[in-house]
Amino acid sequence: MMRLDKLLSHAGWGSRKQVRELIRKGRVQVNGQTVRKDDLHVDELQDQVTVEDKQVSAPKEIVLMLHKPAGVVSAIRDDRYPTVMDCVGTLPGSLFPVGRLDRDTTGLLLITNNGALAHDLLAPKKHVEKTYEVVLKKDWDPRWQTAIEQGLTIDQGEVCRSAHVCQKDTRKILLTLHEGKYHQVKRMMLACDNEVAQLKRIRFGPLMLDETLAPGQWRFCSEAEIRALKQGRSQEERQKRIV
C-alpha cells in the first residue's frame with residue numbers, strides 16, 4: 001500500500017505539492033471514483049488510478065550504482081556545482097541520491113526512487129557499514145587503531161561508534177564505519193593528528209564499488225544486489241569481513 005500523493009509523485013505527475021493540488025481539484029480517480037484525499041492509501045498493483053482518464057502506472061523500482069567523481073555534489077540540483085544527477089542524465093522516475101558524499105570525495109553512491117529503501121539504508125539504528133579508502137597526508141600511526149576501535153572522540157567532544165581500521169600502506173588505510181556523522185572520516189583523521197588527502201567510498205552495506213565503472217559512470221544494480229541491500233547483508237559478509 002502507498003499514499004496516493006506519493007504514488008503520483010513517484011510516477012512522474014509532479015512534486016508532492018503539485019499532485020496534492022491535482023487530487024484536491026478532483027482530477028484523480030481511484031477505481032473509477034473521484035477522490036480528494038491526498039493521504040488515501042492505495043494498492044499500487046491492484047487499484048486502478050487515473051489522472052484525467054490517463055492511467056497511472058506503479059513506479060518501477062530503480063537502484064543505480066554511481067562511481068561518484070570529485071567535483072560534483074550529492075544533490076538533485078545545485079546552482080553552483082554539477083550534481084550526481086548530471087552524471088546519471090535523464091531517467092524516468094523521481095530519482096535521488098542515497099545520502100551524501102562530500103564534493104571532493106569519490107566512490108560508491110547509490111541513486112534510487114525507492115524512499116523506503118533509502119530510509120532503511122540511512123537510518124542510524126540500522127548501522128549500515130560503509131568502507132572508505134583513505135589516503136593520508138602523513139604516515140599512519142597504528143597506535144590510533146585501538147582508540148578508533150573503542151570509539152574515537154573527535155572535535156567538540158563528540159564520540160564515534162566503534163570502527164574498524166586496516167592499514168594497506170604507510171599512508172593508506174581502509175576505514176569501516178557504522179554511522180554517518182558530518183565529515184566524519186576527515187574529523188576522525190584530524191583527531192588522529194593526520195589529514196585526509198584523498199577519500200573514496202568502496203563499500204556501502206553489502207555492495208562493493210564496481211571497479212569497472214570509471215568516475216562519473218553508473219550502472220543499474222542487479223536484482224540480487226537490491227535484495228542484498230534490503231536484507232542488510234550479503235552471503236560474503238556473513239562468511240568474512242573484507243578488511
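## A briefing on the predicted chain

Glu 52 sits in the loop between strand S5 (49-51) and strand S6 (54-55). This is a predicted model, in which local features need pLDDT of at least 70 and side-chain atom pairs count only at pLDDT 80 or more, while totals for chains, interfaces and linings use all residues. Residues are numbered from 1 along each chain as its sequence is written, and side-chain values use heavy atoms, with hydrogens and water left out. Helices (H or I, at least four residues) and strands (E, at least two) are DSSP runs, numbered from the N terminus.

**The chain overall**

- The protein chain has eight helices and 15 strands.
- Along the principal axes, its C-alpha atoms fill a box of roughly 70 × 40 × 40 Å.
- Of the 243 residues, 43% count as buried; buried means under 20% relative accessible area, exposed means over 50%, and partly exposed is in between (1.4 Å probe, protein chains only).
- The accessible surface comes to about 13,600 Å², and 46% of that belongs to carbon and sulfur atoms. Accessible areas come from the Shrake-Rupley method with a 1.4 Å probe, and for residues only the protein chains shown count as cover.
- Among contacts (heavy atoms within 4.5 Å) between residues at least 6 apart in sequence, 62% join residues at least 24 apart.
- The chain carries 40 positive and 33 negative charges, and their mean positions are 2 Å apart. Here Lys and Arg count as positive and Asp and Glu as negative, with His and the chain ends not counted; each charge is placed at NZ of Lys, CZ of Arg, CG of Asp or CD of Glu.

**The open sheet and its loops**

- Four strands form an open sheet in the order S3-S2-S5-S6, with antiparallel pairing. The edge strands are S3 and S6, each of which pairs on one side only.
- Two strands pair if DSSP finds at least two bridges between them; S5 and S6 pair in the antiparallel sense over two bridges.
- Thr 50 stands opposite Gln 55 in S6.
- Most residues other than glycine have a negative phi, and most peptide bonds are trans. Glu 52, although not a glycine, has a positive phi of about 50°.
- Glu 52 is partly exposed, with a relative accessible area of 43%.
- Asn 31 lies in the loop between strand S2 (28-30) and strand S3 (33-34). Its phi is also positive, near 55°, in a residue other than glycine.
- The relative accessible area of Asn 31 is 45%, so Asn 31 is partly exposed.

- Thr 112 belongs to strand S9 (residues 106-112). Thr 112 counts as buried because its relative accessibility is 1%.
- A polar atom of the Thr 112 side chain lies 2.6 Å from the backbone oxygen of Ile 62.
- Not counting residues up to four places away in sequence, Thr 112 touches Ile 62, Val 63, Ser 94, Leu 95, Phe 96, Val 98 and Ala 118.
- Gly 99 is found in the loop between strand S8 (96-97) and S9. Gly 99 is partly exposed, with a relative accessible area of 21%.
- Leaving aside neighbours within four places in sequence, Gly 99 is in contact with Ser 74, Leu 109 and Leu 122.
- Gly 99 and Val 49 are 50 residues apart along the chain, and their C-alpha atoms are separated by 31 Å.

- Five of the seven residues of S10 are buried, so S10 is largely enclosed by the rest of the structure.
- S10 pairs with S12 in the antiparallel sense over six bridges. In S12, Lys 172 is the bridge partner of Val 135.
- S10 and S13 also run antiparallel, joined by seven bridges. In S13, Arg 201 is the bridge partner of Tyr 132.
- In helix H6 (residues 184-191), the buried residues are Gln 184, Val 185, Arg 187, Met 188 and Met 189.
- The cover over those buried residues includes strand S10 (130-136), helix H5 (145-150), strand S12 (172-177) and strand S13 (196-204).
- Asp 193 follows H6 and has a positive phi, near 60°.

Methods:
A polar contact is a pair of N or O atoms within 3.5 Å; within protein, one must be able to donate a hydrogen and the other to accept it, and residues adjacent in sequence count only if both atoms are side-chain atoms.
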